[in-house]
Amino acid sequence: MIHAVLGAGGVGGFLAGALARDGRPVTLILRAETLAAYPAKIRVSSRVLGDFEAPVTLATELNQPVDALWITVKATQLHAAISATPANRIGDALVVPLMNGVDHMTLLRSRYDPEHVVGGTIRVESERVAPGRIRQVSPFAAVRLAATGPAVPRVDELAGELRSAGLDCEVVEDETSLLWGKLVFLAPLALTTSAQGEPLGGVRAAPEWRVRLEACLDEACAVAEVVGARLDRTAILHLLLAAPDEMRSSMQKDIAAGREPELDAIGGPIVRFGRAHGLNVSTTEELMEMIAAARS
């Protein structure tokens with residue numbers, strides 16, 4: 001398959017490098033101001049895949065047919081970024097966002113053929129340390145894709161290419177549970193650590209912050225249930241309690257670097273759907289307000 005990756009950060013760079021190393025044609029779509037400083041080869045230092053270099057094609061917009069378009073930009077960048085991938089150039093390519101939150105699916109299905117937009121998540125800790133230089137440090141790199149009906153064979157083929165490139169990949173049917181499952185884990189982690197300004201161990205060690213962590217999880221689970229997701233609250237809490245003390249969310253890293261955090265993408269759906277269904281989402285609201293106030 002021929003791949004294009006929109007977004008050259010830690011996730012996009014890692015994915016592009018892994019696929020290119022496995023011999024897949026990959027075009028990395030960059031902003032014009034980024035292109036001049038970007039090397040023709042991505043260099044990856046990976047705990048999962050080892051250290052390697054892989055050649056990619058660089059472009060500022062999609063200018064050739066592809067089989068899969070991966071969208072790995074931050075939610076705050078999505079509206080501007082997709083101008084580089086106009087719908088009339090997508091054809092019947094699969095469009096696969098690996099992004100935080102759930103709201104992006106509605107936007108992408110309004111822009112591209114809804115049947116070709118595939119829900120997806122990635123579980124990996126990876127960051128861009130310089131243009132074209134990616135460091136992946138987690139002991140896992142796992143993608144999950146959602147597909148039903150006629151889309152299944154093509155999504156299965158895509159999953160096979162990821163596995164060939166060295167990533168774990170699973171195809172599931174339930175897109176709602178897939179996307180909300182990630183959000184229900186991410187929101188308590190990102191909001192509490194960012195509001196407190198400490199890694200996850202600091203949240204768990206301080207009783208008042210541990211209470212906030214679990215309350216945010218409870219609110220997210222309640223909202224996920226009313227929108228139709230089937231999740232195991234106990235299992236998600238176990239993951240939050242078992243994660244390394246030094247774990248920091250991408251939101252924390254964005255704030256530390258002076259970048260706009262994905263506050264609305266991560267906390268916004270919980271608050272909006274919660275209010276619409278008359279649910280208590282006060283802890284999520286409080287945490288979002290604390291983060292916004294600290295940045296103002």
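Predicted model: local features only at pLDDT ≥ 70, side-chain atom pairs only at ≥ 80, totals over all residues.
Which residues in α11 are buried?

**Stop 1: α11.** Select residues 263-276. This helix has 14 residues and reaches 19 Å from its first C-alpha to its last, close to the 20 Å expected at 1.5 Å a residue. Now colour the buried positions: Leu 263, Ala 265, Ile 266, Gly 267, Gly 268, Pro 269, Ile 270, Val 271 and Gly 274. Pro 269, on that list, is also where α11 bends by about 30°. To see what covers the buried residues, show α6 (175-196), α8 (207-226), α10 (250-256) and α12 (282-295), which are included in the cover. Past the helix, select Gly 278, which follows α11 and has a positive phi, near 70°.

**Stop 2: α8 and α9.** On the α8 side, show Arg 210, Leu 213, Glu 214, Leu 217, Asp 218 and Cys 221. They meet Arg 233, Ile 236, Leu 237, Leu 240 and Leu 241 of α9. By class, this contact has 7 nonpolar, 4 charged and no polar residues.

**Stop 3: Arg 24.** Go to the loop between α1 (10-21) and β2 (26-29), where Arg 24 is found. Is Arg 24 buried or partly exposed? Its relative accessibility is 24%, so Arg 24 counts as partly exposed. Leaving aside residues up to four places away in sequence, Arg 24 touches Met 1, His 3, Leu 19, Glu 161 and Ser 164. Finally, select Ser 45: Arg 24 and Ser 45 are 21 residues apart in sequence and 19 Å apart in space, C-alpha to C-alpha.

Note on methods:
Residues numbered from 1 in each chain as written. Heavy atoms only, no water. Helix = DSSP H or I, 4+ residues; strand = E, 2+ residues; numbered from the N terminus. Expected span 1.5 Å × (residues − 1). Bend = angle between axes of the 7 residues up to and from the residue. Buried < 20%, exposed > 50% of the residue type's maximum accessible area, 1.4 Å probe, protein only. Contact = heavy atoms within 4.5 Å. Nonpolar A, V, L, I, M, F, W, Y, C, P; charged D, E, K, R; others polar.
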